[in-house]
Amino acid sequence: MYKILFVDDDVAIHLLFSRISTERLQISCCSSGADALEALKTDGPFHVIVSDYQMPEMDGVEFLTKVKDASSSSVRILLSGNADLAMAIDAVNECGVFRILTKPCSLKILKKSLRDALEFHRLSNVETHMSSKMTRGVIRMVSDIAAMHNPGLNSRTAR
């Protein structure tokens with residue numbers, strides 16, 4: 001089951017988001033960045049977080065920057081009705097968005113972007129898992145070589 005969080009102050013947009021829900025996708029919607037940060041604490045982590053850019057109190061870049069700190073493994077997508085170059089640069093540099101989509105966004109484009117984001121999330125986690133396993137394997141190998149070279153080191157290298 002994949003968990004996706006949509007954040008948009010336009011509640012009518014939530015209907016579009018809820019149409020994506022399937023047995024493999026658990027969709028949550030929030031109307032503000034503050035509500036979404038709370039949902040991240042209580043219901044997270046989310047595989048993908050999609051946020052509108054223009055929201056009261058906290059814009060999408062500010063919100064996704066906080067998400068990056070709170071849930072770095074979540075793939076971040078920004079929706080904007082008036083994307084400009086400065087906003088795009090901020091989105092990439094500040095919060096490391098995976099993709100920027102323009103509003104209105106067709107259901108077809110949104111679904112494809114979510115599939116791509118979920119695949120990116122899966123591959124990122126595989127890379128992290130494999131890197132961790134490789135590090136443990138190298139440490140074990142160095143420990144075994146040290147123990148073969150000097151059996152007295154075995155107890156120290158095990159620690």
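Leu-5 stands opposite Ile-49 in strand S3, so let's start with the sheet these strands belong to. This is a predicted model. S1 and S3 (residues 48-52) pair in the parallel sense over four bridges.

- Five strands make up an open sheet, and their order is S2-S1-S3-S4-S5.
- The pairing in this sheet is parallel.
- Which strands stand at the edges? They are S2 (25-30) and S5, and each has a single partner strand, so one side of each is left without a neighbour in the sheet.
- Direction ignored, neighbouring strands of this sheet are turned by 20 degrees against each other on average.

**Rings and a charge**

- In one of them, Phe-6 and Phe-17 are stacked, at 3.8 Å centre to centre and with 10 degrees between the planes.
- Phe-6 lies in strand S1 (residues 2-7) and Phe-17 in helix H1 (residues 11-18), so this pair ties together parts that are 11 residues apart in sequence.
- Are Phe-6 and Phe-17 buried or exposed? Both of them are buried.
- Phe-98 and Phe-120 also pair up: their ring centres are 5.1 Å apart and their planes are at 35 degrees, so the pair is tilted.
- Phe-98 sits in the loop between helix H4 (85-95) and strand S5 (99-102), while Phe-120 is in helix H5 (residues 107-149), so the pair ties together parts that are 22 residues apart in sequence.
- Phe-98 is partly exposed, with a relative accessible area of 27%, and Phe-120 is partly exposed too, at 42%.
- There's a charge over a ring as well: the charged end of Lys-3 sits over the ring of Phe-46, 5.1 Å from its centre.

**Salt bridges**

- In general, side chains of opposite charge can pair when their charged atoms come close.
- One of the salt bridges joins Asp-8 and Lys-103, with the closest N and O atoms 2.8 Å apart.
- Asp-8 lies in the loop between S1 and H1, and Lys-103 in the loop between S5 and H5, so this pair ties together parts that are 95 residues apart in sequence.
- Asp-8 is buried, with a relative accessible area of 0%, whereas Lys-103 is partly exposed, at 22%.
- Asp-8 and Lys-103 also belong to a network of salt bridges that links them with Asp-52.

- Asp-116 forms a salt bridge with Lys-112, and the closest N and O atoms are 2.9 Å apart.
- Both residues, Asp-116 and Lys-112, lie in helix H5, four residues apart, which is about one turn of the helix.
- Asp-116 counts as partly exposed at 23% relative accessibility, and Lys-112 is partly exposed with 44%.
- Arg-122 and Glu-119 meet through their side chains in a salt bridge, at 2.7 Å from N to O.
- Arg-122 and Glu-119 are separated by about one helical turn, because they are three residues apart in helix H5.
- Arg-122 is partly exposed, with a relative accessible area of 38%, and Glu-119 is partly exposed, with 35%.

Definitions and conventions
Residues numbered from 1 in each chain as written. Predicted model: local features only at pLDDT ≥ 70, side-chain atom pairs only at ≥ 80, totals over all residues. Heavy atoms only, no water. Phe/Tyr/Trp six-rings, centres within 6.5 Å; stacked < 30°, edge-to-face > 60°. Helix = DSSP H or I, 4+ residues; strand = E, 2+ residues; numbered from the N terminus. Buried < 20%, exposed > 50% of the residue type's maximum accessible area, 1.4 Å probe, protein only. Lys NZ or Arg CZ within 6 Å of the ring centre and 35° of its normal. Pairing = 2+ DSSP bridges. Axes fitted to C-alpha atoms, helices over the stretch in contact; angles between N-to-C directions. Salt bridge = Lys/Arg side-chain N within 4 Å of Asp/Glu carboxyl O.
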